[in-house]
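Trainee: Could you show me how to read the features of a protein model, going slowly from the whole chain to its details?

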Amino acid sequence: MTVQPRTDAELAAEPAAYWTGVAHEALIAFTRARQAELGFTQPAYWLLRNLSGHDLSADGHGMTLAELRQAMSTYLRPEDDLAAEAGTLLERGWLTRDGDGRLWITEAGEEARATLKRHAPAIRARIHRGISDADYVTTVKVLQQMIRNTGGATR
């Protein structure tokens, strides 16, 4: 068992990459567990969002799995199986597939996306509990500066 640093000086000496990695994994696991409790997966939600003209899709046009993978490349995880997720959404009637292999969100899928989106504030509130907006903004600004310092791009 390792002893965690307790003083500010000890924390200041800790590697940022370690803590950002631990935070990333914990936040993803927490979010996915809450979504699973509600009967959906994060990748399924992303599929609906990327196909919805009321969300991430600029035009609401259908997309192939390859196009969807590309659109989600910055946040898909290695274990995410978009083909299986799309199959589930097709079975639920939330997506359809045309003759060119493009997936399209259905009216039922749009309703499901809107319903699933309503759970996001509660998940966010749990993650942010005990953290002021000012502290959160400071944290994001610090992380953005670290990204710039290492040659990365921020949006």
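This is a predicted model: local features need pLDDT of at least 70, side-chain atom pairs count only at pLDDT 80 or more; totals for chains, interfaces and linings use all residues.

Trainee: What does the secondary structure of the protein chain come to?

Mentor: There are 8 helices and 2 strands, and if you read along the sequence they follow the pattern α-α-α-α-α-β-β-α-α-α.

Trainee: At what angle do H2 and H3 pack?

Mentor: In general, two packed helices are described by the angle between their axes and the distance between the axes. Here H2 and H3 pack at an angle of about 80°, and their axes are 9 Å apart, which means that H2 is roughly perpendicular to H3. On the H2 side the contact is made by Ile-28, Thr-31, Arg-32 and Gln-35, and on the H3 side by Gln-42, Pro-43, Tyr-45 and Trp-46. By class, the residues of this contact are 4 nonpolar, 3 polar and 1 charged.

Trainee: How many residues line the largest pocket, and which lie nearest its centre?

Mentor: The largest pocket, which holds about 2100 Å³ of space, is lined by 43 residues, with Ala-23, His-24, Leu-27, Ile-28 and Tyr-136 nearest its centre. H2 gives the most to this lining, with 11 residues, while the helices that each supply at least two residues include H3, H6, H7 and H8. The lining of the largest pocket has 26 nonpolar, 12 polar and 5 charged residues.

Conventions. Residues are numbered from 1 along each chain as its sequence is written. Side-chain values use heavy atoms; hydrogens and water are left out. On a 1 Å grid over the protein atoms alone, a cavity is a set of points where a 1.4 Å probe fits but cannot get out, and a pocket is an open set with protein on both sides within 12 Å along at least five of seven lines; lining residues have an atom within 4 Å of a point. Grid points are joined across faces, edges and corners, and a volume is the space filled by probe spheres set on the points. Helices (H or I, at least four residues) and strands (E, at least two) are DSSP runs, numbered from the N terminus. Ala, Val, Leu, Ile, Met, Phe, Trp, Tyr, Cys and Pro count as nonpolar, Asp, Glu, Lys and Arg as charged, and the others, Gly among them, as polar. Axes are lines fitted to C-alpha atoms, for helices over the stretch in contact, and angles run from 0 to 180 degrees between N-to-C directions. Angles under 35 degrees count as roughly parallel, over 145 as roughly antiparallel, 65 to 115 as roughly perpendicular and the rest as oblique. Contact means heavy atoms within 4.5 Å.
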